[in-house]
Amino acid sequence: MQTDINLSIASHTRTSSLNIKMKIGLALVFLSLLLLFLALFNQIQHPALLIIFFIATIAGSLLYTNGLYANTTAGIKNNGVMFKSISNRGAIAWVLGVALTALYILLYWYPELLGLHDNANTGLIGFFDPVSKLLNGHPASQWFVYGVLYTLTIILLGIKFIYKYRHNAYQVKRTISVMFFQLIIAFLIPEILGGLNMPYNDFKNMWPLNYYFFYDWHIDQLLGSGGFGMFVLVWGILSVVLISPVLTYFYGKRWYCSWVCGCGGLAETAGDSFRHLSSKKISAWRIERVLIYSVLFFAALMTGLVIYQYFTKQSQVLFLDSFKVREWYGFYIGAAFSGVIGVGFYPILGSRVWCRFGCPMAAILGIQQKFFSRFRITTNGSQCISCGNCTTYCEMGIDVRWYAQRGQDIVRSSCVGCGVCSAVCPRGVLKLENGPQKTKKLEGPILYQDGQFKIVE
Ligand code: SF4
Ligand code: SF4
């Protein structure tokens, strides 16, 4: 049995190489990408080739993962991340970023170029028609194709993530959770509901992330769908006013951002190779605060106008038009920010750009996490050796080491509770806890300046 022994912990040592399983795995993944490419240009449209696509993707990914981790001992292996083109903003990262960005632009604004047509789909979308007809009885849409690829990515890279973090029960459990919520709750149930002519609904996607929930057409659709529609309406409102606040009080925002949410699910699985790219600069933190609360304000304003218009039938309030504002929100936030920038820029800006700078749901949960929640990360400061692993791999750009060195609790509104800082710490300094609120230390970091100790607000 070949064992990959790497005794070096020095970051300048590059030891990785492709073994035979990884090479076959990569070849199969390239085959599946080639099939998608040929389908895009309408060169292949056959169910048998679609089956080959799924087999090649799944087998290739599993084989690569097995080849990568099977002969290694359990434990974090991030050796060489700063030397790989894909994980250190090299040429491959830029190519991937441009390709993802282009895909999102096509999905949102030019789906006809992907093959979406009223009479009969062609191209990439037509390639997936057989799966769509099997699940909901209709030809595929661009969002169906996106849903299939998105779910497949979370499942396969989720398995890779579990293999990598197999020594850490928290990481294994929460990854199984995001895989379950994506596959069953976000993908299969809504598709089956669509096939039964019931309102399409992702039960975990709540306002303000689901920004169209209070739109007039959506409310009318729910009210016109009998008991089920009423259930969805009540569930959607209860999720916002009761379920989410209660769970956030007990567990912090991690219950949603790292265990349930689809955006978080993609960031944690597909984005794992890019988490260290998040900026830790103070300037990034300042931009984060302004942007995320501005988006929350925009979402609240837009929803207020939509509800006002629903009850009064008047779309104009002062100088604002309800239809215009929702159009702006859909374009700038719903499409450009959360989709194009949020995922397209993974290889350049890190995996949680949307969650950190734009998600209004994360903003609300963050305020609650900071002031009305039992969640905190406790630090056993005396054990910290200041290696900085925790800060490096914090995808939200939090300088975790700063707190660990001082033995202070980490109570930050932006922390999504992914637990990776704790998983990568070689000294067991960090612990994610849900203790009584009165024992949570909310004071800011201590700063020694001008001969005095101060608490930074
Ligand atoms: S502080 Fe730790 S748990 Fe919180 S987001 Fe950063 S890495 Fe994840
Ligand atoms: S808390 Fe752990 S990972 Fe972070 S600097 Fe200290 S020893 Fe390193």
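A salt bridge here is a side-chain nitrogen of Lys or Arg within 4 Å of a carboxyl oxygen of Asp or Glu. This is a predicted model, where local features need pLDDT of at least 70 and side-chain atom pairs count only at pLDDT 80 or more, while totals for chains, interfaces and linings use all residues. Residues are numbered from 1 along each chain as its sequence is written, chains are lettered from A and ligands numbered from 1 in the order in which they are written, and side-chain values use heavy atoms, with hydrogens and water left out.

**Exercise 1.** Work out which parts of the chain the salt bridge between K164 and D272 ties together.

*Solution.* Start with the contact: the closest N and O atoms of K164 and D272 are 2.9 Å apart. (Helices are DSSP runs of H or I, at least four residues, numbered from the N terminus.) Then check burial, meaning under 20% relative accessible area, with exposed over 50% and partly exposed in between (1.4 Å probe, protein chains only). Both K164 and D272 are buried.

**Exercise 2.** Do likewise for R275 and E395, then find the network they belong to.

*Solution.* Their side chains meet at 3.2 Å, N to O. R275 lies in the loop between α11 and α12 and E395 in the loop between α17 and α18, so this pair ties together parts 120 residues apart in sequence. R275 and E395 are both buried. Now for R356 and E288: that salt bridge comes in at 2.7 Å, N to O. Finally, follow shared partners, and you get one network of K164, R174, E268, D272, R275, R352 and E395.

**Exercise 3.** Classify two ring pairs: Y170 with W259, and Y212 with W217.

*Solution.* First the rule: rings of Phe, Tyr and Trp (its six-membered ring) pair if their centres lie within 6.5 Å; planes under 30 degrees apart are stacked, over 60 edge-to-face, the rest tilted. A search of the whole structure turns up 35 aromatic pairs. For Y170 and W259, the centres are 5.6 Å apart and the planes at 70°, so call it edge-to-face. For Y212 and W217, the centres are 5.5 Å apart and the planes at 25°, so that one is stacked. Last, accessibility: W217 is partly exposed at 46%, and Y212 is partly exposed at 28%.

Note on methods
Helices (H or I, at least four residues) and strands (E, at least two) are DSSP runs, numbered from the N terminus.
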